[in-house]
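Let's take a walk through this one together. Have the viewer open and follow along.

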Amino acid sequence: MKTFTSALAILAAFLVDNSYAGLRFPCSTLTTQRLDPAAQPGALPSAHLHMIVGGNAFNATMLGDVGERATCTTCQMADDFSNYWVAHMYFKDPKNGTYHIVKPKPVQPLLGGSNGAQGGLTVYYTQFDLSKDNLAKQPIKAFPPGFRMTVGSPTVTNKPHAGLSYQCMAGQNRGTIVSDWPKGKCTNGIFTTHHFAPCWDGKNLDSPDHQSHMYNTVTSEGFTNAPTCPASHPVRVPQVTFEIEWDTPVFNSLWDPAKDKNPFMWSFEGTGAGTHADYMFGWKGDALQKAMDKSECFYDGCGAIKKQAMSVAGQCTVKNFVNEKIDGWSKYLPGAEAAMKAKVKREFKA
Ligand SMILES: *[C@@H]1O[C@H](CO)[C@@H](O)[C@H](O)[C@H]1NC(C)=O
Ligand SMILES: *[C@@H]1O[C@H](CO)[C@@H](O)[C@H](O)[C@H]1NC(C)=O
């Protein structure tokens with residue numbers, strides 16, 4: 001169990017000793033659409049709604065060097081044109097069964113404050129754990145252009161996955177790490193964490209399930225150094241993590257934990273175990289490798305990395321490729337009405 005208190009202790013230690021390593025930075029929301037160039041390339045729209053951050057090369061299909069194609073990014077690190085995305089959170093009103101999107105809000109604390117970050121998520125690239133780099137013993141290889149991976153799966157309905165977790169926020173206290181939706185009302189939102197696998201086969205940019213070119217040696221929660229990679233996946237890559245704070249308190253007056261079952265879900269009508277995340281590498285040139293070779297990069301970057309103000313990052317946008325209404329109350333989750341009509345049509349024909 002790791003609480004926010006320990007994260008604060010590490011942050012305080014960092015402020016007096018900057019030998020710590022790894023990157024942590026905010027990315028504002030780039031777009032909210034039914035697109036998924038990793039799991040459903042070419043699908044316009046994809047099956048369920050995602051919250052997407054990062055570079056403006058984002059599209060239904062993404063091949064080749066993303067960092068070369070993009071011209072802006074919603075991330076604080078100006079050379080990071082990667083895309084990071086997760087299923088969107090929804091609230092289903094227990095009284096009338098209608099759905100409402102739950103917005104992400106910037107993860108706190110951010111060094112220097114939110115600085116104009118809008119929604120989005122916080123990204124980490126760690127070399128060892130939150131407090132050291134150990135680069136002498138363990139070189140870290142940055143991902144190559146075209147690389148992508150996912151963690152978790154919307155089709156999983158009950159098995160907890162190490163590194164995919166929830167916390168019930170009360171003030172700045174993030175609370176106990178759990179593997180499913182928190183039970184009661186969370187007065188400051190629901191915090192979700194997605195840790196990706198740290199070992200790569202060194203050959204494939206992707207694999208049919210978007211995961212088997214990677215191997216996870218981490219079995220515990222929190223920011224721990226990954227145990228040694230196996231011979232099948234010998235290349236140690238940065239440990240990538242996303243953190244998101246979802247603004248659930250705006251719905252707290254609409255449900256009663258004593259009577260109603262959990263009203264929060266993922267955009268595929270998903271259970272807690274179905275939480276997942278997608279990563280599309282897109283750093284420009286060798287900018288990520290340079291950062292991973294250093295031990296002074298932490299929290300807000302380092303000399304080698306260009307940063308931009310979040311007010312500038314927030315101006316980066318992409319086209320609305322799907323054009324569907326996602327705000328306000330709705331009888332269906334995005335995509336669910338069409339899927340239901342298709343099913344009725346099939347059954348009618350049969
Ligand atoms: C998106 O992809 C399509 C098909 O590959 C391409 O024609 C289009 O230019 C791309 N749009 C953007 C904004 O990248
Ligand atoms: C369902 O309840 C919400 C919250 O009270 C309300 O805003 C919304 O209009 C209701 N929808 C319908 C279809 O009654």
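His210 is partly exposed, with 18 other C-beta atoms within 10 Å; a residue is buried if 20 or more other C-beta atoms (placed from the backbone) lie within 10 Å of its own, exposed if 12 or fewer, and partly exposed in between. Before going on, bear in mind that this is a predicted model, where local features need pLDDT of at least 70, side-chain atom pairs count only at pLDDT 80 or more, and totals for chains, interfaces and linings use all residues. Residues are numbered from 1 along each chain as its sequence is written, while chains are lettered from A and ligands numbered from 1 in the order in which they are written.

Back to His210: its phi is positive, about 65°, although it is not a glycine. You'll find His210 in the loop between strand 12 (199-200) and strand 13 (214-215); strands here are DSSP runs of E with at least two residues, helices are runs of H or I with at least four, and both are numbered from the N terminus. Asn115 also has a positive phi without being a glycine, near 60°. It sits in the loop between strand 7 and strand 8 and is partly exposed, with 15 other C-beta atoms within 10 Å.

That loop, between strand 7 (104-105) and strand 8 (121-126), also holds Pro109, and the peptide bond from Gln108 to Pro109 is cis, with omega near -5°. Another cis peptide bond joins Leu44 and Pro45, with omega about 10°. Look for Pro45 in the loop between strand 2 (29-33) and strand 3 (50-54).

Now for strand 10 (residues 164-168), where five of the five residues are buried. Leu164, Tyr166 and Cys168 point one way, Ser165 and Gln167 the other. Strand 10 runs antiparallel to strand 11 (residues 190-195), joined by five bridges; DSSP has to find at least two bridges for strands to pair. Across that pairing, Gln167 stands opposite Phe191.

The largest nonpolar core has 73 residues, and Ile190 and Tyr279 are among those touching the most other members. Such a core is a set of buried Ala, Val, Leu, Ile, Met, Phe, Trp, Tyr and Cys residues joined through C-beta atoms within 7 Å. Leaving aside neighbours within four places in sequence, Tyr279 is in contact (C-beta atoms, placed from the backbone, within 7 Å) with residues including Tyr84, Arg148 and Phe196.

Conventions
Contact = placed C-beta atoms within 7 Å.
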